[in-house]
Amino acid sequence: MKKKLHMIGNAHIDPVWLWRWQEGFQEVKATFRSALDRMKEFEDFIFTCSSAAMFEWVEHNDPAMFQEIKERVAEGRWVIVGGWWVQPDCNIPGGESFVRQALVGQRYFKEKFGVTAKVGYNVDSFGHHGMLPQLLRGSGMDAYVFMRPMPHEKSLPGPLFQWESDDGSRVTAFRLMYEYGTWGKSLETKIRRISGHLNDPLNELMMFYGVGNHGGGPTIENLKNILELNGQPDIPELVFSSPNAYFEAIERNGMELPVVHDDLQHHASGCYAVHSGIKQWNRQAENKLILAEKLSSLAERATGQPYPDSFGRAWKNVLFNQFHDILAGTSIEEAYDDARNEYGEAMAIADRALNYAMQSVSWNIDIPQEEQMKPLVVFNPHAWSHPMLVEAEVGGLEEPVIVDPAGRELPLQASSPSSTTSGINKRYKLSFVDELPSMGYRVYRVYRKREHAVIARGADTGGKELKAHHHGMENSRYRLEFDPSTGYISGLWDKKLSVNLFKGEAARPVVIADDSDTWSHFVHRFDKEAGQFKAKSIRLLEHGPVSATIRVVSEYGSSKLVQDFTMYRELDVIHVRATVDWRERFSMLKLMFPVALSCYRPTYEIPYGHISREANGEEEPGQSWINYSGYIPRIDKPYGISILNDSKYSFSMHNEVIGFTVLRSPIYAHHEPKVPEPDGEYTFIDQGIQRFAYSLLPHEGEWESSETVRRAMELNQPPATVTETYHIGSLPQENSYIAVDRSNIVVIAWKKAEEGEAWILRCCETIKEACRAVIKLPKWNRTIEADFRPCEIKTFRIPYDEQLPVVETNMLEWEAVQPRD
């Protein structure tokens, strides 16, 4: 068979990197103009392009050029790939964000050009999580093009393979060879290099050419060289082509490809941690939008509150700032001012929608008047019922008491609020634990003083204890102890089994020397310990009927770390709120947890899934939870500990030690081989104050049976509250709208359909266990029964009209999904 190179004319455009988006905006227009001009000059030239956001810029700023592009797309010479809003980081966005990248991107391409992308396309992203094949197939793409990690970073069976995710979905994947572009006179050299890889049975490969990064695209010289070289005896056939055409040729070839079942890592491991701000804004915005969509759907069903039309703008802001050089933390400092503003706009939209939704529901609840009582409406945004911590700030109280709709008093803790006031302005932060209705709400009565309370049954702790002193605290199951000289955890004891879960000092803040560039090119382990924080003070901050909190204040150099460790009477999770004032440079901060387990198995959450990796000390990407499971040596009992978080993505596990990476402080946008000058003036990342939260969740058995996924979701989307007044209403004092009978099936999204009168409900399987689940929507008289494959994502379209059937649809909400054999 004749050897062939498919010549892929492209222009890799970073809309943001060493420049702000305004400069990227201009470069997009210049690049698109250049590509259109080359088409006039070379009749066979084909241009490949991704990223719907860039097309929207042109649509709004140069409608005439946009019309030219539409004509070239219809002609088949401008080929749309990728199908996403941008080429994002492919480790850090949450699973639902990848769905929305395709939902927004593919629908835009279909509306404007009448086509959708068939090939996924992320040529510059710094790694690719292992659930992407399912996300690509579910949004209409059955092939994938990427470049990083490169061959020296990850060994693969070849440039072309079948990539498989845990649910069994596969895409045909191609790893680019020798970069995504050509610069100067490198084209012929690159052709000859790639030609050397044309070996039976793989006689066709792709070669990408064109000036990239700051745009540019194929040059006149590029195109003339291709035409001149084509036909030379020592050069394979060169054809102007596209990724679509290449994968079609491979399919016609019928060759059997090797299967890779893994994530594609590692490149630029420092990007998992660098720039805590962008990581936190992304996590917060994702969760606020998903929460607001769920409660807006609930409100539309419960009260007729109009579903907001502003979510689209908010999601576009989030999706754009997931671009790989923004979210990875590798852009210039000024770019993060822009990102902060766009994330802020997205979160403001979500907050307004959430407020309209909750107050519409709470305002329509029938709440009889009682003197000296404030109604508190608590919303559970999750499709399961479980004891959850509820926190709310309320004013006008003296000795507050809280009662549920049945008249049952609950243990209540009144703490210092965010404000510092007294007298009539005094407020309290109230906290209590209760089992909330699944995807619903409940009204609690908060009385100003006990003498005003109407109580049918007094508070019952069920015999559960909560003891505390300055250096330790314990509930009925666990005892947490601190070393008074260092401030580190000296023991986390499972009282039932009489074992210490840590084999050394835990929650130990370690400073790692890190002189690598912003990406940490060629660095896979961060293990050069330069020092550790030491305790300045340890004290019992609070001890009440619900929880006890010990505050540990530590210092290192010019930096300060405050950790508030909270243990609960009724919950077996230890919650930590941390504030760090970081002043170090060329350093990393990790919290170290040495776990007393053998035969350990590290597991990391990835978008819409999880993965087990080696405990070899390499820095790894993760999401809202990681887990370390094994056996307790003395009693040979399976056990584990999960660490949950609200804004971090970088972790390491070396033998039995978990490293929870808090931050990195390299120079902004520093790329090797540039060596910083010793007396140079530079701006360093992650300087100053930042706040984050994490939780320790010890558990008997494996994490799969311990509801780790649910607890992490509760940390990132806690119950929401509204302080109400008395009024007549049509809604009862508690209600549930969605419930799922299997703990391994979670509802991630509940939103209005993009078209028509229907809702969209998206669920996923979380522990790699096939099952049949029953999803009940009692207010619609609907029951959905569905068979889930391991780690499968399912999307259901639920018509408002109860006479119409529920249909499983794809992630683009366009077509019914056919059952897989």
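Predicted model: local features only at pLDDT ≥ 70, side-chain atom pairs only at ≥ 80, totals over all residues.

Visitor: Which residues is Arg38 in contact with, leaving aside its neighbours within four places in sequence?

Guide: By that cut-off, Arg38 is in contact with Phe45, Pro218, Thr219, Ile220 and Leu223. Arg38 itself is found in helix α1, residues 21-41.

Visitor: Why is Arg38 called buried?

Guide: Buried means under 20% relative accessible area. Arg38 has 12%, so Arg38 counts as buried.

Visitor: Now the sheet. What is the order of the four strands?

Guide: The order is β41-β42-β45-β46, in an open sheet with antiparallel pairing.

Visitor: What makes β41 and β46 edge strands?

Guide: β41 (745-752) and β46 (807-809) each pair on one side only. From one strand to the next, the twist averages 30°.

Visitor: How do you know that β45 and β46 pair?

Guide: Two strands pair if DSSP finds at least two bridges between them. Three bridges join β45 (residues 793-799) to β46, so the two strands pair. They run antiparallel, and Phe796 stands opposite Glu808 in β46.

Visitor: Which strands does helix α4 touch?

Guide: Helix α4 (residues 95-113) packs on the sheet and touches β41 and β42 (758-765). Its direction makes about 35° with that of β41.

Visitor: And what about helix α9?

Guide: Helix α9 (residues 276-303) packs on the sheet too, touching β41 and β42. The direction of α9 makes about 65° with that of β41.

Terms used. Residues numbered from 1 in each chain as written. Heavy atoms only, no water. Axes fitted to C-alpha atoms, helices over the stretch in contact; angles between N-to-C directions. Contact = heavy atoms within 4.5 Å. Buried < 20%, exposed > 50% of the residue type's maximum accessible area, 1.4 Å probe, protein only.
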